[in-house]
Amino acid sequence: KDFINSAFDEEGSNLRVVRLAPATQAAVKQITGRTYPAKRIRYWKQDTRTAWILEQIGKTEAITVGVVVDDGKIHDLKILVFRESRGAEVRHSFFTEQFSNVTLKADSSLSASIDGITGATLSVVAVRKVAKLALLFDQQVQTQE
């Protein structure tokens, strides 16, 4: 709740649900190597800003990440819950701030290089995937309106 409240101004945001289009599901599979486990995803929206709380498996456990996308660019990315025994460095701002203003290119890659962290490779990969998914989902939402 704190993450969502910090993403929007005092007017608040609207909780919404998006049903993943077949093209989006195909892009998810390209990004993650598997289909997304849910057909619908909750998100919050205000004007051109959306907020997503998504999970991705690091080595063996899920990493919960909050991503705010504004005008097609990542505005903020925070690790909300980290469950792995290694790779916790991804929680720190020196890592998460690299995602600021990053966009999703047509080939489903990020527009900027994200530096890895020695000993946290799988966690870094998981967070990169979440960033791509949030940008992809935002694109679908914005084109539907």
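This is a predicted model: local features need pLDDT of at least 70, side-chain atom pairs count only at pLDDT 80 or more; totals for chains, interfaces and linings use all residues.
Where is serine 108 found? Serine 108 sits in the loop between α3 (93-96) and α4. We will come back to this residue further down.

## The overall picture

Taken along the principal axes, the C-alpha atoms fill a box of roughly 40 × 35 × 25 Å.

The radius of gyration is 14 Å, which agrees with the value near 15 Å that a compact globule of 145 residues would have. Of the 145 residues, 45% are buried. The accessible surface comes to about 7,900 Å², and carbon and sulfur atoms account for 46% of it. If you take the contacts between residues at least 6 apart in sequence, 56% of them join residues at least 24 apart.

## The sheet

The five strands make an open sheet in the order β1-β2-β3-β4-β5, with antiparallel pairing. β1 (14-19) and β5 stand at the edges with a single partner strand each, so one side of each has no neighbour in the sheet. On average, neighbouring strands are turned by 30° against each other, direction ignored.

Two of the pairings are worth a visit. Strands β2 and β3 run antiparallel and are joined by three bridges; here glutamine 46 stands opposite arginine 49 in β3. Strands β4 (residues 62-70) and β5 (residues 73-82) are also antiparallel, with eight bridges between them. Threonine 64 has valine 81 in β5 as its bridge partner. β4 and β5 form a hairpin with two residues between them, and aspartate 71 in the turn has a positive phi of about 55°.

## Helix α4 and the cores

Helix α4 lies across β1, β2, β3, β4 and β5, and runs at about 140° to β3. Glutamine 140 counts as buried, because its relative accessibility is 7%, under the 20% limit.

In soluble globular proteins, nonpolar side chains tend to be buried together. In this model, the largest nonpolar core has 38 residues, of which Trp52, Leu54, Leu77, Phe99 and Phe137 touch the most other members. Elements giving two or more residues to this core are α2 (22-32), β2 (40-46), β3 (49-57), β4, β5 and α4 (121-144). The largest share, eleven residues, comes from α4. Apart from this core lies another one of seven residues, including Phe3, Ile4, Trp44 and Ala51.

## Two loop residues with positive phi

Aspartate 47 belongs to the loop between β2 and β3. It is not a glycine, yet its phi is positive, at about 55°. Is aspartate 47 buried or exposed? With 64% relative accessibility, aspartate 47 counts as exposed, the limit being over 50%.

Now back to serine 108, in the loop between α3 and α4. Serine 108 also has a positive phi, near 70°, in a residue other than glycine. At 11% relative accessibility, serine 108 counts as buried, whereas aspartate 47 counts as exposed.

Technical notes: Residues are numbered from 1 along each chain as its sequence is written. Side-chain values use heavy atoms; hydrogens and water are left out. Two strands pair if DSSP finds at least two bridges between them. Helices (H or I, at least four residues) and strands (E, at least two) are DSSP runs, numbered from the N terminus. A nonpolar core is a set of buried Ala, Val, Leu, Ile, Met, Phe, Trp, Tyr and Cys residues joined through side-chain atoms within 4.5 Å. Buried means under 20% relative accessible area, exposed over 50%, partly exposed in between (1.4 Å probe, protein chains only). Axes are lines fitted to C-alpha atoms, for helices over the stretch in contact, and angles run from 0 to 180 degrees between N-to-C directions. Contact means heavy atoms within 4.5 Å. The radius of gyration is taken over C-alpha atoms; the globule rule is 2.2 Å times the number of residues to the power 0.38. Accessible areas come from the Shrake-Rupley method with a 1.4 Å probe; for residues, only the protein chains shown count as cover.
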